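Subject: Structure for your review

Dear colleague,

Please find below the structure I mentioned, together with its sequence.

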Amino acid sequence: MKKSLVLLVLFGLLLGLHAPVWAVEGTKIDINTATVEELTELKKVGVKTAERIVAYRQAHGPFETVAELKEVKGVGDKILMLNKDRLTVGK
């Protein structure tokens, strides 16, 4: 299964296609740089919530911690728990 996914992603890259963020196991999403499209790949995050995350970041500056996402309307403990292994605030 894992080899098949890697081969599929590599084949898509050779064709000039971009693999979705979720397709690469272990890929983190940096909430300080992610686009609305990238944020919607998170579990239970739709377009409206992703737009609010980007708007909050633009208004208040970069997030210092992942937990700070709870300041955004529509983001709570459940979303953080479901995505805890995928979220980061940078390197």
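**Fold and core**

From the N terminus on, the elements of the chain run α-β-α-α-α-β, in what is, please bear in mind, a predicted model. That order comprises four helices and two strands. Of the 91 residues in the chain, 30% count as buried, while the accessible surface comes to about 6500 Å², with 60% of that area belonging to carbon and sulfur atoms. When contacts between residues at least 6 apart in sequence are considered, 43% of them join residues at least 24 apart.

The largest nonpolar core has 17 residues, and the members that touch the most others are Leu39, Ile53, Phe63, Leu69, Val72 and Val75. Helix H3 (47-60) and helix H4 (77-82) each supply at least two residues of this core, and the largest share, four residues, comes from H3. As general background, nonpolar side chains in soluble globular proteins tend to be buried together. Taking Leu69 as an example, and leaving aside its neighbours within four places in sequence, its contacts are Ile31, Ile53, Phe63, Val75, Leu80 and Leu87.

Lys44, which lies in the loop between helix H2 (36-39) and H3, has a phi near 65°, a positive value in a residue other than glycine. Most residues other than glycine have a negative phi. With a relative accessible area of 62%, Lys44 is exposed, because the cut-off for that class is over 50%.

With best regards

Terms used:
Residues numbered from 1 in each chain as written. Predicted model: local features only at pLDDT ≥ 70, side-chain atom pairs only at ≥ 80, totals over all residues. Heavy atoms only, no water. Buried < 20%, exposed > 50% of the residue type's maximum accessible area, 1.4 Å probe, protein only. Contact = heavy atoms within 4.5 Å. Areas by Shrake-Rupley, 256 points an atom, 1.4 Å probe, with all protein chains shown as cover. Core = buried A, V, L, I, M, F, W, Y, C linked by side-chain atoms within 4.5 Å.
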